[in-house]
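Hi,

Here is the structure I promised to pass on to you. Have a look at it first, and then read my notes below.

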Amino acid sequence: MSSQKPLQPQMASQGWKPFLAAKTRMLAAYDLAKDLENNKLVKVRHGLVAEAEFRKWLSEFLPKRYAVTSGYIISPGISSKEHMVHYDVIIYDQLESPVLWVEDNPDSSGQGKSLAIPVEYVHAVFEVKSAFNRHSAKEAVDQLSKLKPLLARVDPPTSRAKMYLPANFFCATVFFELRKEHDKDFAAMDELVNATMIRRFYGGIILRAETLDRYNCGKISFRNENVDSKPNNNSSLSFWTTSKCLKYKDDQYFSLLLTFWEQHFSEFAFDILALLKNTYQPNVLSSLYCTGSTSLENGSIVETRYSDPEGYKRYQEETAAILKAQGFVGLEPSDI
């Protein structure tokens, strides 16, 4: 009989830092494009590079059943007289889906070509933006809102003419950076929360914050609440922030939570897989692969590095006051 103990889940698990190398490569290509644009009056190339780099990473990460492209979602329920909407990133089932046509661009790679994909084979759409601020958040919501006609219903299983996106379709946002100049642009969250009214909106990711360590990543999470809570916008977006609430129906409100942590990139990546497989559960880790952070690797579950020490101090004091009001006596802010 073997005396070797059975394996136990480890936090941090193997490979969490190498996994973040993909994020580093995306941001390096994006930064190079920004540097090359410094002397130009019109600066759009770095945004196109952001889209291309995200598509490249996603296509390398996902199982081969799924393909990634920019392009169009084609439904027989939409008239040819209507303007076709172009989306930054589309995930579709390449084992089953035909490609209706290809828009070639001689200046882009094969991955940069725009494909026209039938609606029933599309699993996800991502809207990619350079910087997170109120203007880019509104633009992202406006673009994703164009999906609503395709999300209004779900086709019956026996329908021969598929006109709507599948029931497990989802959409999300990707922002490459939170710049220091936008660190207190709390209106960005209040703009983005409007996307919660789009069926199967996941939330999104901010690949880095200018004020934080390079490993940190911002995760934008969807929240379903039964009270109309006030937004938390006392410190900075790179600390932790909640949006205003939107009333969905009686006693049901939607809001967004933004937090930064080193582990959020791997969480985001494996959430995508879970959403595609229809196994995603909010607030539950979708996978233990590549989970980790500097604090976890050092044996602590508490993250002690914050971009706004004064904001963190206020958070401790407010939390201690709430606990004291609820009868938890003897707690000082430093104990929390």
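Before the details, one term: helices (H or I, at least four residues) and strands (E, at least two) are DSSP runs, numbered from the N terminus. Please keep in mind that this is a predicted model, where local features need pLDDT of at least 70, side-chain atom pairs count only at pLDDT 80 or more, and totals for chains, interfaces and linings use all residues. Residues are numbered from 1 along each chain as its sequence is written, and side-chain values use heavy atoms, with hydrogens and water left out.

Let's start with a peptide bond. Met 11 and Ala 12 are joined by a cis peptide bond, with omega at about 10°. Ala 12 sits in the segment before helix H1 (16-19). Most peptide bonds are trans, and most residues other than glycine have a negative phi.

Next come some positive phi values. Arg 200, in the loop between helix H6 (187-192) and strand S7 (201-206), has a phi near 65°. Cys 290 has a positive phi of about 60° and belongs to the loop between H7 and helix H8 (294-297).

Are these two buried (under 20% relative accessible area), exposed (over 50%) or partly exposed (in between; 1.4 Å probe, protein chains only)? Arg 200 counts as partly exposed because its relative accessibility is 28%, while Cys 290, at 15%, counts as buried.

Finally, helix H7 (residues 264-277): 13 of its 14 residues are buried, so the rest of the structure largely encloses it. Asn 278, which follows H7, has a positive phi near 65°.

Happy exploring!

Technical notes: The expected span of a helix is 1.5 Å times one less than its number of residues.
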